[in-house]
Structures are given as structure tokens and as C-alpha cells.
Amino acid sequence: MSFGIDDLPIRDELRGKSPYGAPQLDVPVQLNTNENPYELPAELVARIAERVADAARTLNRYPDRDAVELRTELAAYLTRTGKHPVSRENVWAANGSNEVIQQLLQTFGGPGRTAIGFEPSYSMHALIARGTGTGWISGPRREDFRVDVEAAEQAIAENAPDVVFITSPNNPTGTAVEAETVLALYEAAQAAKPSLVIVDEAYVEFSHRDSLLPLIEGRPNLVISRTMSKAFGAAGLRLGYLAAHPAVVDAVQLVRLPYHLSAVTQATALAALEHTDTLLGYVEQLKAERDRLVAEVRAIGYEVTESDANFIQFGKFEDSHTAWQKILDQGVLVRDNGVPGWLRVTAGTPAENDAFLEAVRALKKEQH
Ligand code: PMP
């Protein structure tokens, strides 16, 4: 046996674990990581080049540590689309919402503390918890993948976690969470501890429902987490952000690395925000494609979970891994998230979705 990770003096809780990551396979149709399928428009690419060139001249200096201009523009975007006014003091940004969540867990979780999520959900919540030494509690979900409010309240009361994750729309199921559910769980979490409640809205621009942003009003322990990776079609940029009471923004400064957001990242994100309307135009197309996928996959004879995201969860398969492989054999990469019986596919371009539907039709025929 060759020398490996477990021969190193790594932390005990990391022993035998695998890193997070979907397979990055070279396949014609890649619908496995909930990316936006559209490349950035030429005008935006030109604007990015311009702003980055500007930033490049002063790369001898550290970037704006507090990302003031960027946070101001993100606040303007949230105010415009979220039906609730927020200002720069309410907003914090980092390298992807994964880093936002990591900073929140470093601040509000950590050794001797716990976080709860209602699973199946975004598996990075548990992994970031582990990486920050935060204990993880797997809370329940109903058979239809909606949050079971009573069971969730009970789990919060029993465990008194320090952090509560609510993902809306949820990944990988696509399920949105009602405002009343968030309010009930927030109350339960405050009564039990009080604890920080993080609403992960990575996919909210694709939802039939409004953002839960207005709920931060008068609730200093509620955080909304967002990203430019999905709706803005900028997964490669690595830009996530949060909206919360200004005290939360002050608190995460205690753990953020100084100058964590590079000048290049800030310049690129600002250029993308200048083109918000164009980018949100793609969101409308993707929502229509998502709805088409739901209807057509059901017509083929599979079940589809109600989706408010840019992806759908479909099944049920006796063996979801074999089904995943058969779809892959036809040149279409979808995601097996380990939810028994179910697979997830991201809404792509109309042509990509047609290729996926063709593959699923063939799979159905074969199963009969
Ligand atoms: N939250 C959820 C629910 C996600 O699905 C993802 C990406 N898959 C993220 C957060 C992280 O996205 P990013 O770090 O690219 O902002």
C-alpha cells in the first residue's frame, strides 16, 4: 500500500472521508452541477475585460478589504428584486456562498457547537460543518421532500442546535419553503438556544415564490445566503453574499481572512451586476425549460418532485446508479446525489434538454 492521507497526522474526523465533488466528465451534454448553460454575452465579457484591466493597474496594492462598492451594488440588487430595502451594512460577500457559509459556521458554530439541516439537502452544509469542527445533526424531511414543520420544531427543541439551515429552494429536491415554515423554525430556534438561522437561497431567482429576504426585518439571528453562481450564470466567478442584520456582517469580520475577495473578483462581479437585466433574462428562459422538463418527464412516466429551482429531481428508480449510468451512456451527464431512487437534472439549453428527454424516453422503454 502506498502512503496516503490516512498515514498523515490529519484530524481524526477527516480520516477515511472523501472530498465533495461531482464527476467532471467530458460528455456532450453536462446537466449535473446546476450551472447556467449560457455563456456570458459578448458585451458583458468586454465590460469585464475593461473593469479587470482597470483593477490590474493597482494589483500591487491589496484590494478593498470591505468590498464597499460591490456590497453597495449587491444591496441595490437585493432591494430591487427582494421586496425589502437593504443597504451595504446588511450585506457581506465572499468567494462563493460556500465561503459565506464557512464564515458563518466559523463564527456561530465550531467545536462544542452543533448545526442542523433537514435532509436530503445540500450536502456541503454538513461538510462545511465538519471542516469547522461543528457537530452535524441530520433533521427529517417528509416523504414528499417538504420540511415537516412539527418534526423539525421537535428536532430543534431536543437538540438546541447553534445553527439551523433551511434551504429554499432545496437542493437536490427543488422544494421551496413557505415563509410560515421559516418563521416557525426561527421561533423554535430562538426558544431553544437562541441560534442562527441560515436560509440558503442559492436558487431563489428560479422560484415561483418571492425571496424570504423581508423576514430579516426585526430578526437579527436570521441570515439569507445568496450566490451569483446560478442566476447570474457566473459559477466560475466565485461570488456569494449574505443579507442580515449589520451585527451579523460585523461578526463574520472576526473570521474572514483579510483581503479574501481579490480585486479581480470584485471588478468582475461589479461588471456582471451592471448587466443584471440581461442575465436575469436567461433566468426566465431557464424557468420555462424547467417547467417543460417537469411536464415531459412526467409524460414519459416518471415522477418529478415539484421544483422551484433550475433543476428537477426525477425517479423513482429501483437502482438510481444504474439509471444514471444508462443516461450517461447516451451522452448525458445527470447527478446521482445519493437520494435512494432519485436522480437530479439541471435545466440546460432547449437542445440539451431534448437530448436528456430522449435519453430518459429510451430508459423508460428499456425498463418495460
Ligand atoms: N447552496 C446551495 C443550496 C447550492 O446548491 C450551492 C451550489 N451547488 C451552493 C450553496 C454553493 O454555491 P457557490 O459556492 O457557487 O455560491
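View A. Helix 3 (residues 96-108) contributes most to the shell around the ligand, with three residues; helices (H or I, at least four residues) and strands (E, at least two) are DSSP runs, numbered from the N terminus. Among the 13 residues around the ligand, those that come nearest are Gly 96, Ser 97, Asn 98, Thr 227 and Ser 229; a residue is near a molecule or strand if its C-beta atom, placed from the backbone, lies within 6 Å of it. The shell comprises three nonpolar, nine polar and one charged residue, where Ala, Val, Leu, Ile, Met, Phe, Trp, Tyr, Cys and Pro count as nonpolar, Asp, Glu, Lys and Arg as charged, and the others, Gly among them, as polar. Residues are numbered from 1 along each chain as its sequence is written. The model is predicted: local features need pLDDT of at least 70, side-chain atom pairs count only at pLDDT 80 or more, and totals for chains, interfaces and linings use all residues.

**View B. Surroundings of Ala 244.** Ala 244 occupies the loop between strand 8 (240-243) and helix 7 (246-252). Ala 244 is classed as buried because it has 27 C-beta neighbours inside 10 Å; the class requires 20 or more other C-beta atoms within 10 Å of a residue's own, with C-beta atoms placed from the backbone. Beyond its neighbours within four places in sequence, Ala 244 is in contact with Asn 90, Ile 216, Leu 222, Val 223, Ile 224 and Val 249, contact meaning that the C-beta atoms of two residues, placed from the backbone, lie within 7 Å. Leu 222 is 22 residues away along the chain, with 6.4 Å between its C-alpha atom and that of Ala 244.

**View C. The open sheet 9-10-12.** Three strands make up this antiparallel sheet, in the order 9-10-12. Strand 9 (303-304) and strand 12 (342-346) are at the edges with a single partner strand each, so one side of each has no neighbour in the sheet. Two antiparallel bridges join strand 9 to strand 10 (residues 311-315); strands pair if DSSP finds at least two bridges between them. Glu 303 has Gly 315 in strand 10 as its bridge partner.

**View D. The boundary between domain 1 and domain 2.** The chain is assigned domain 1 (23-39 + 278-367) and domain 2 (42-274), with bounds from an automatic or database domain assignment. Contacts link 25 residues of domain 1 with 22 residues of domain 2. On the side of domain 1 that touches domain 2, helix 9 (276-300) and strand 10 each supply at least two residues. Helix 9 has the largest share of that side, eight residues.

Notes
A residue is buried if 20 or more other C-beta atoms lie within 10 Å of its own, exposed if 12 or fewer, and partly exposed in between; C-beta atoms are placed from the backbone.
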